[in-house]
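Please have the sequence and the 3D view at hand as you read.

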Amino acid sequence: MSQILQLGYLGFEVSSLDAWRGFAERTLGVSVGTELDGGGFTLRMDRYPQRFFIEPGPLDDASVIGWQVADLAALDAFAAKLPESTRGTPAECAKRKVSALLKFDDPSGVPTELFCGPELAAAPEPSPLLVSRFLADDVGLGHIVIGADDPKRSIAFYRDVLGFRLSDEIRCQYFGYDVDIAFFHVNRRHHSLAIGRRDRKRIHHFMLEVASMDDVGLCFDRALKSRVPISQTLGQHPNDRMFSFYAVTPSAFQFEFGYGGREVNDADWQPTTYDRISEWGHHPPIVFAPREPREGKRP
Ligand SMILES: [Fe+2]
């Protein structure tokens, strides 16, 4: 079976480009790349030309999910399995900076693209804020958790048609919510995609992983300083062992910023089901941002 290699890019349609530019540069620590025709811009974080497409619109949600495949033969093999798919035009490939792509909607209607041949830079884009680096490049930009209209149908599609491999599942109660999430890998990263039940938006969160614990703490500090609402405090998941926190993007979906994610080796991996979403932490915070320092008072 042809394989998907990694989560290549995410597109977000956002109601405030300015808020996203500031959030990307001052909180996440990624770099603005190209200014796009029609408004919007791309974001860079490693050797890949464009990891995010931030474009204007009212949706405030994911507008495209891009997955990399090995080559044109792999793309052709997927095209044969996806009768509704269409080929990207030369202009669409040029916008993505890839040699070829295939477009279709996933079972919940999420615009999805498979691509090959990204224009890689010779060296990773240095982050202006990180003391370490983003763990991306050959393991993908991170992960995305999506809410499906019919999770069973979406799970069958990603697993049986696109070839995603089950890592594990989590079923539990979390502060009054029924959590039922399936986690899938396409490379050694524990999961590049997780699927739960749809809530308000297509995307629940995306995750970026860094190479040092300090960078998680420093991003937490930047979020507090910039008054980015923390949605889940520092904590650790039982399945991918990620040390992370969650906060809210300017489009009101969440992002996760993590360190130390576990890797999967398909040779000996046994999917399991967990009855908790975190070993510790990941609580809704009581205190969000500190007050502005007042004259003569200690901040
Ligand atoms: Fe996550």
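A residue counts as buried here when its relative accessible area is under 20%, and as exposed when that area is over 50%. Please keep in mind that this is a predicted model.

**The helix**

Let us begin with α5, which runs over residues 213–225 and has 13 residues. From its first C-alpha to its last, α5 reaches 19 Å, close to the 18 Å expected at 1.5 Å a residue. By the cut-off above, D215, V216, C219, F220, R222 and A223 of α5 are buried. Viewed down the axis of α5, these buried residues fall within an arc of 160 degrees, so they line one face of the helix. On the face turned away from that buried side, α5 carries the exposed residues D214 and K225.

What do the buried residues of α5 pack against? Their partners are listed here.

| Partner of the buried residues of α5 | Residues |
|---|---|
| α1 | 17–28 |
| β13 | 203–210 |
| β14 | 230–236 |
| β15 | 243–248 |
| β16 | 254–259 |

After α5 comes R227, with a positive phi near 60 degrees.

**The iron site**

Now to the metal. The iron ion has H143 (NE2), H205 (NE2) and E256 (OE) as its protein donors, lying 2.0 to 2.2 Å from it. Along the sequence, the spacing of these donor residues reads H-x61-H-x50-E. H143 lies in strand β9 (residues 143–148) and E256 in strand β16, so this pair ties together parts that are 113 residues apart in sequence. H143 and E256 are both buried.

Note on methods: Residues are numbered from 1 along each chain as its sequence is written. This is a predicted model: local features need pLDDT of at least 70, side-chain atom pairs count only at pLDDT 80 or more; totals for chains, interfaces and linings use all residues. Side-chain values use heavy atoms; hydrogens and water are left out. Helices (H or I, at least four residues) and strands (E, at least two) are DSSP runs, numbered from the N terminus. The expected span of a helix is 1.5 Å times one less than its number of residues. Buried means under 20% relative accessible area, exposed over 50%, partly exposed in between (1.4 Å probe, protein chains only). The arc is that of the directions from the helix axis to the C-beta atoms. Contact means heavy atoms within 4.5 Å. Donors are N, O and S atoms within 2.8 Å of the metal (3.2 Å for Na, K and Ca); water is not among the atoms, so sites may look incomplete.
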